[in-house]
Amino acid sequence: MTEVIATIKNLTKRINHKDIIKNLNFDIRRGEILGFLGPNGAGKTTTMRMIVGLMSITEGDIQINDYSIKKDKEKALQQVGGIIENPEMYKFLSGYDNLVHFQRMTGPVDKQKIQELTHLVGLQKVIKNKVKTYSLGMQQRLGIAQALLNSPDLLVLDEPTNGLDPSGIHEIRDYLRRICKEKNIGIFVSSHLLAEMELLCDRFIIIQNGNITDIEDVNQKDIDDECITFLLHVSPKEDAVYLLRNLQIHVKEDNNDVMIDVPYYRMPNIITELVKKQIRIYSIVPIKQSLEERFLAKTQGGN
C-alpha cells in the first residue's frame, strides 16, 4: 500500500457567504504525481493556497504526515514546499544567492544542499548568473529548487508550465518525474495542458464549481465488464464482419478495418472464433479515451 502523505478531509472554503470549495476529500501519496484539473474559476488555486497555508480553512481539515494545518500549522507546513502561480525571485541576484537568501529564512545555509538541488533541476551551469538573464523555464526550475530547500514530503505546484514553450514544458516534466522518483515525495500539480498532464501524472482529480467530479488513474485499467472499443485489422474483412454480427456484436466498418464495442472479457472468445474460421488477424488495438476527452465529458465541455 502506497504511503499517504496528505489527507484532505471535507475541505470547504466560504467567501462572502458563498462556498468556493465544497467538501473536498482526497489523498496525495508518496512517490506519485497527482494532477489537479478544472476550468478557470473551478477552485484549483484556492485549494492549493489552503494546502500551503496561504489561505484559511472554513471547514474540514488538511493533514500533512498526520499534522493538522488547522491545529498544528507550523509542523504541518514544515512538510510542504510549493509555488503558487509564479515563483518570485530577486532578479538582481544570482540564482545561487536567491537560494542562499531563502534558505536563511528557515535555518542555516547548507551549501551542499543547494548544490544538490541545483544539479537536480539542471541549473548547475547558470546558477551563478543573475536571475534577470534566466529564461522563463530556468526561473520555474529555480523556483522548484527553492520549494525543495526544506526537504518537503509534499511539493505543490500551481501551473508550473504556464507560459513555457514546448522545450521548456518537456524539461519541467522530466525534472518533476526525476524529483518524484529520487526524493520519493508526493507532487500535487495543476495545469490547463491536458496532453501534458497525461504524460506527467499518475492520477488526476477533476474539479468544477468547487466540487470534485472525478478521481482516477491517468492510464485507466480495463475492467472486465467495461465496454471497450477495439479496432481490428483482419482479412478477409467481409467474413469477419459476418461472423461478428452472428455473435450479436455491433460492428462498424472503417476502410480496411473493423470497429467493435464489447466488454473486455469477451475478446479472448472473439479471437478464438475468428481463428476457427481461418480469418487472419493482423492487429487488435483497444481505443481508449484521451485525458482531454475524459475531462470534457466530466465537465460538460467546461460549462
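Which residues do ring pairs link into a cluster? In this predicted model, where local features need pLDDT of at least 70, side-chain atom pairs count only at pLDDT 80 or more and totals for chains, interfaces and linings use all residues, ring pairs link Phe 26, Phe 36 and Phe 188 into a cluster. Residues are numbered from 1 along each chain as its sequence is written, and side-chain values use heavy atoms, with hydrogens and water left out.

Rings of Phe, Tyr and Trp (its six-membered ring) pair if their centres lie within 6.5 Å; planes under 30 degrees apart count as stacked, over 60 as edge-to-face and the rest as tilted. The count by this rule is six aromatic pairs. For Phe 26 and Phe 36, the ring centres are 6.3 Å apart and the planes stand at 35 degrees, so the pair is tilted. Phe 26 belongs to strand 2 (residues 18-29) and Phe 36 to strand 3 (residues 33-37), so this pair ties together parts that are 10 residues apart in sequence. Strands (E, at least two residues) and helices (H or I, at least four) are DSSP runs, numbered from the N terminus.

The rings of Phe 26 and Phe 188 have centres 5.5 Å apart and planes at 40 degrees, so this pair is also tilted. Phe 188 lies in strand 8 (residues 186-190) and Phe 26 in strand 2, so the pair ties together parts that are 162 residues apart in sequence. Phe 26 is buried at 5% relative accessibility, Phe 36 is buried at 0%, and Phe 188 is buried at 0%. Buried means under 20% relative accessible area, exposed over 50% and partly exposed in between (1.4 Å probe, protein chains only).

Helix 3 (residues 95-104) and helix 5 (residues 136-147) pack at an angle of about 25 degrees, with their axes 10 Å apart. Helix 3 is therefore roughly parallel to helix 5. Axes are lines fitted to C-alpha atoms, for helices over the stretch in contact, with angles from 0 to 180 degrees between N-to-C directions; angles under 35 degrees count as roughly parallel, over 145 as roughly antiparallel, 65 to 115 as roughly perpendicular and the rest as oblique. Gly 95, Leu 99 and Phe 102 in helix 3 meet Leu 142, Ala 145 and Gln 146 in helix 5, where contact means heavy atoms within 4.5 Å.

Helix 5 and helix 6 (residues 166-183) pack at about 15 degrees, with their axes 10 Å apart. Helix 5 is thus roughly parallel to helix 6. Residues of helix 5 that meet helix 6 include Gly 137 and Ile 144.
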